[in-house]
Amino acid sequence: MNVRTIGAVLAGATLGLVATGVSAATLDDIKAKGFIQCGVSQGLPGFSTADDAGEWTGLDVDYCRAVAAAVFNDPKAVKFTPLSAKERFTALQSGEIDLLSRNTTWTMTRDTSLGLNFTGVTYYDGQGFMVRKDLGVASALELSGASVCTNTGTTTELNVADYFRANNMDYEIVAFEKADEVVQAYDAGRCDVYTTDASGLYAQRLKLTNPDDHMVLPEIISKEPLGPVVRQGDDQWFNINKWVLNALINAEELGVTSANAEEMKGSDNPAIKRLLGTEGAYGEAIGLGNDFAVQAIAATGNYGEIFDRNVGPDTPLGISRGLNALWSNGGIMYAPPVR
Amino acid sequence: MTDLSYVRTQEVPHEAPPAATTGLVGWIRENLFSSIPNAILTLFGAYLIYLLVPPILDFAFFSAIYEGVDREACLAEGGGHVGACWPFVEAKLGQYIYGRYPLEERWRIDLTGFLFLILLVPALIPNAPFKNINVILLLGAFPLAAIILLTGGAFVIPVWLWALTVIIFAGVVGLALMPVFAGQGTVSDSKGALLAIAGAFIIVALIYGVLSYDFGLIAVETPLWGGIMLTLVIAVTGIVASLPIGIMLALGRRSDMPVVKMISIIFIEFWRGVPLVTVLFMSSVVLPLFLPEGVTFDKLLRALIGVALFASAYMAEVVRGGLQAIPKGQYEGAMALGLRFWEMMGLIVLPQALKLVIPGIVNTFIGLFKDTTLVLIIGLFDLLGMIQLSFTDAKWSTPVTSHTGYLFAAIFYFIFCFGMSRYSIYMEERLHTGHKR
């Protein structure tokens, strides 16, 4: 027992703390405590929010549940820690959470200098534009001379500047401190265009007086790949998270859904067999059961189901798949094969 | 010769006062239109009321939506604005009150609240009987019961804590017996002290025992706490902790003992010098970095400690104001009577000082009550946090959703703060002896 450990035990004991004992093997720790501690946002429509019963729902939340199902065969074996943007990385670094699934943009700095690893992309977001339909605009390239509502002091403002300058268009920025102010200003007609991340545009649209009178333009002018994050230095846990996500995406591609996951086990398709663990020992390689993908898919559905349930066209948000469609459907959602 | 002098034998009946000075008209002339500037101010005020009140009432009640199951109900037909979306509050009310506490365990919060009420209300009524038992139950037994009910109890009291307790008590017993060891007395001299120590030890052991006893309640972790329940937990803890700590600090700051005085000053000035947001933020974001890797401790506990210490520093200054208002003669009189320090403070000075600063104390309480909403920046969902979280539910997202939520929060906070304020005024009236002009 080195001094640091003794210190930890003492500090823990003194303050009535719980030593979670972060070690190299996160999976062992998780199995020992019986649940995954997952960091989510403090409320983002469609990604992590509490429903009427107080249960966490959303795309980010469902990913955590999928991982829990893959490890424990129980999507409820997960506890959520709502985190602010400032707290999120500290919470992961300090071992307070095992997994961060909180609409976090994958950037080089975050990936390389914070001691963290991004395990993939759950949602390709990017800055978009919303306009009134009666403006008669079909593309962002027709927005010359427009006044643009946005938040102050964020990269959105810079992105707009770059985009309009690169395309030789005039514009006027109308900036506000709070997202709600921006929406109200846009709703009141103080500007022609509202710009923020596309997922945010759809969420804010619901707060407009007549949501149906507004449309989101197809152009996306920045790259905001959102993905789950784990601590660096535990390749097994990293692989588990990476491959649960890949399994969900592959499942959609192969037509495996929460409803048919069990019967698909009997499929003749070798790709499905490998994914669902009836052939090969791919699950064992990452320290899980070979049917980890079946468990995950049965619990939350494949990527497409998760998307549709939380943010898709049939939800109030009504976000179309766009970039998040499978590569075979014109999007860029692509997972390496299980082989 | 007729007597021209005339002596009235009856009083002339009073003339009725001029119509313009009596009744409603008179009152209005007297109070609202007594001069031209007053008339202008009155008209301006009336205009402001006309401008503000009808739209608020209209939004909150007349145009409000009262029934519905999702956002569709609160959308105006073909655009335009509707009033408050009360079905949204109704759907989320459970969360606003209990946070994300498990549904089947919510009775524990109800029971805690009920116990609190039946102990608090008689304690607040001056003439209620059994005051002593009541206060002991409220300040001694109730916190224990609340901790066990809300968390589930069955704490693991580590062996070292027991050992520490035994060592401390052994030390105190040793000190109490010091005269005996020194040959300056007999054991019977120290009997009272020993009895008190033994009693204290038994109470501590009892508390440990109750806390570690498994009542068969399911453990509910603090991240699931939220809503009004969390607001009250933080506010009540802060209020209950800040008064005694504040009094101690105030006495310490006025003490002649340099170390005590120094520590009190440093403590008070440190906590008054940093904003509460910073304290909470430090406790939530920075503290985990100092702790050894893998050691976490409850976020709510961190926030509670932060809020309590912060409020204590303010309370200390309020109480010190009261202490300074007590004339020196009171201290000297108490000393002349042969009272020792604590008797002087407890019997003569503090009762007068605290009575003087009731408005300041209640002011601090109300400020603290409202400051509890700041915990939402560290990811604790108090009432306001819960309300803001519910805005992100796309099922209820409409133009009026956030207005409705904030209106609900405003009503809640107003009722509580106004209640505290009225009670403090009542208390001042009751204790005004010798100060009323």
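Predicted model: local features only at pLDDT ≥ 70, side-chain atom pairs only at ≥ 80, totals over all residues.
Let's start with how helix 11 of chain B passes helix 12 of chain B: the crossing is right-handed, a word used when the near helix is turned clockwise from the far one by less than a right angle, with anticlockwise giving left-handed.

Residues are numbered from 1 along each chain as its sequence is written, and chains are lettered from A and ligands numbered from 1 in the order in which they are written.

Back to our pair. Two packed helices are described by the angle between their axes and the distance between the axes. For helix 11 (residues 276–290) and helix 12 (residues 299–325) of chain B, the axes come within 10 Å and cross at roughly 150°. Those axes are lines fitted to C-alpha atoms over the stretch in contact, with angles from 0 to 180 degrees between N-to-C directions. That makes helix 11 of chain B roughly antiparallel to helix 12 of chain B; the cut-offs are under 35 degrees for roughly parallel, over 145 for roughly antiparallel, 65 to 115 for roughly perpendicular, and oblique for the rest.

Which residues of helix 11 and helix 12 of chain B make the contact? From helix 11 of chain B come L276(B), V279(B), L280(B), S283(B), S284(B) and L287(B), and from helix 12 of chain B come K299(B), R302(B), A303(B), G306(B) and F310(B). Contact here asks for C-beta atoms, placed from the backbone, within 7 Å. By class, this contact has six nonpolar, three polar and two charged residues. Ala, Val, Leu, Ile, Met, Phe, Trp, Tyr, Cys and Pro count as nonpolar, Asp, Glu, Lys and Arg as charged, and the others, Gly among them, as polar.

Now a second pair. Helix 3 and helix 17 (residues 401–430) of chain B have axes that come within 9 Å and cross at roughly 60°, which makes helix 3 of chain B oblique to helix 17 of chain B. Their crossing is right-handed. W86(B), F88(B) and V89(B) of helix 3 of chain B meet T401(B), T404(B) and F408(B) of helix 17 of chain B, giving four nonpolar, two polar and no charged residues.

While we're on helix 3 (residues 86–98) of chain B, look at I97(B), which is found there. Leaving aside residues up to four places away in sequence, I97(B) touches G227(B), I228(B) and M229(B). The C-alpha atoms of I97(B) and W225(B) are separated by 9.8 Å, though these residues are 128 apart along the chain.

Stepping back, chain B comes to 17 helices and one strand. Its radius of gyration is 30 Å, well over the 22 Å that the globule rule gives for 437 residues, so chain B is more spread out than a compact globule. That radius is taken over C-alpha atoms, and the rule is 2.2 Å times the number of residues to the power 0.38. The C-alpha trace of chain B spans about 110 × 90 × 40 Å along its principal axes.

One last stop, in chain A: N73(A) is not a glycine, yet has a positive phi of about 55°.

Note on methods
Helix = DSSP H or I, 4+ residues; strand = E, 2+ residues; numbered from the N terminus. Contact = placed C-beta atoms within 7 Å.
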